[in-house]
Amino acid sequence: MTELPQDLETAIAQAQAATQAAIEDGYRLIQVEIVYPELKAQPIAEQFIPVLTELGYQLKVFFPDTGAAALARRDWGETPFRIADLGSRRISITSQMEEDDECFLLIEPSDVEIEKVEQLCNEAGDRPVVLLLPRLESVATVGIGYAARQLRERFLSKLTSCYYVRPLPGAAVYRCYPSLWQVWVEGEDGDYTILTEMSSKPAGEALERLLMGEEEESKDEDNAESTSAPPRQRPGFLTEVQRFIRALTR
């Protein structure tokens, strides 16, 4: 069983293994989500990319805008893959896709680029498309109305999160393909253990109820033992998330 990562290098290595497994199993629209706002996409992409080139693909890497693409070209120098961007207003996304492109990596696409992301995925056909550090959760969960519902049904529902890790107060949501979705919780010793596994991503009220149930169980246990030990004072939300992030990025 894959363990919750304790540092960023482990998370990237797990993401690489999960991506390779998903592609080999036939998945073609894949997301790799490490949900921490402090992370910088370019250095993570640089470490992640070898898994795709080592699979033998002629890779094309898309950044969200021309500035980010130019910065990568400057920092990375000569590369065995092509670099493009999703933000070129006068150039259609399909015109930037060539016949010999065998795999596409989209780095940190957001709801701003969602139309071009969908166009690229549709045009890619059987060629793998990997979304690295996408910022599309707001589109998937907040969008209201017919257009948002259509987008979810038409496109977002087709994306497979082969790797996902997100810290919560005293918990974490985690998936590393081919494993199921997992919710991990922090124990009294500060270590994280699996609370539950499920086939679909835990989110919203369902996730809140799950975690509240764990908290209520812990409170009952604390009350039962109150004569022998004082209740443990849990850190606040920000403290716990920052601690998890520090552990992952050190």
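# Working through a predicted fold

Strands β1 and β5 run parallel and are joined by four bridges. What you're looking at is a predicted model, where local features need pLDDT of at least 70, side-chain atom pairs count only at pLDDT 80 or more, and totals for chains, interfaces and linings use all residues. Residues are numbered from 1 along each chain as its sequence is written, and side-chain values use heavy atoms, with hydrogens and water left out.

## Exercise 1: Strand β1 and its partners

Task: Find out which strands pair with β1, and work out how its residues are placed.

Solution, step by step:

1. Start with the terms. Helices (H or I, at least four residues) and strands (E, at least two) are DSSP runs, numbered from the N terminus. Two strands pair if DSSP finds at least two bridges between them.
2. Now look for partners. β5 is joined to β1 by four bridges, and β6 (residues 160–168) is joined to β1 by five, again running parallel.
3. In β5 its bridge partner is Val130, and in β6 its bridge partner is Thr160.
4. Next, burial. A residue is buried under 20% relative accessible area, exposed over 50%, and partly exposed in between (1.4 Å probe, protein chains only). Six of the six residues of β1 are buried, so the strand is largely enclosed by the rest of the structure.
5. Sort them by direction. In a regular strand the side chains alternate between the two faces of the sheet. Here Leu29, Gln31 and Glu33 point one way, while Ile30, Val32 and Ile34 point the other way.

## Exercise 2: One face of helix α2

Task: List the buried residues of helix α2 and say where they sit around the helix.

Solution, step by step:

1. Helix α2 covers residues 41–48, and its buried residues are Ala41, Gln42, Ile44, Ala45 and Phe48.
2. Look down the axis of α2: these buried residues fall within an arc of 165°, so they line one face of the helix. The arc is that of the directions from the helix axis to the C-beta atoms.
3. What do they pack against? The buried residues of α2 pack against α1 (8–24), β1 (29–34), α3 (50–53), α4 (66–76), β4 (103–107) and β5 (129–132).
4. Zoom in on Phe48. A contact means heavy atoms within 4.5 Å. Leaving aside neighbours within four places in sequence, Phe48 touches residues including Ile12, Thr19, Val32, Leu105 and Val130.

## Exercise 3: The nonpolar cores

Task: Describe the largest nonpolar core and a second one.

Solution, step by step:

1. A nonpolar core is a set of buried Ala, Val, Leu, Ile, Met, Phe, Trp, Tyr and Cys residues joined through side-chain atoms within 4.5 Å.
2. The largest has 44 residues, and Phe48, Leu52, Leu105 and Tyr163 have the most contacts inside it. Helix α1 gives the largest share, eight residues.
3. The second core is separate and has 20 residues, among them Leu29, Ile93, Val129 and Leu151.

## Exercise 4: From β6 to β8

Task: Follow the chain through β6, β7 and β8, and describe each pairing.

Solution, step by step:

1. β6 and β7 pair in the antiparallel sense over six bridges, with Pro167 partnered by Ala172.
2. They form a hairpin with two residues between them, and Gly170 in the turn has a positive phi of about 75°.
3. β7 (residues 171–176) has six of its six residues buried, so it is largely enclosed by the rest of the structure.
4. Four bridges join β7 to β8 (residues 181–186), also antiparallel. This hairpin has four residues between its strands, and Ala172 stands opposite Trp184.
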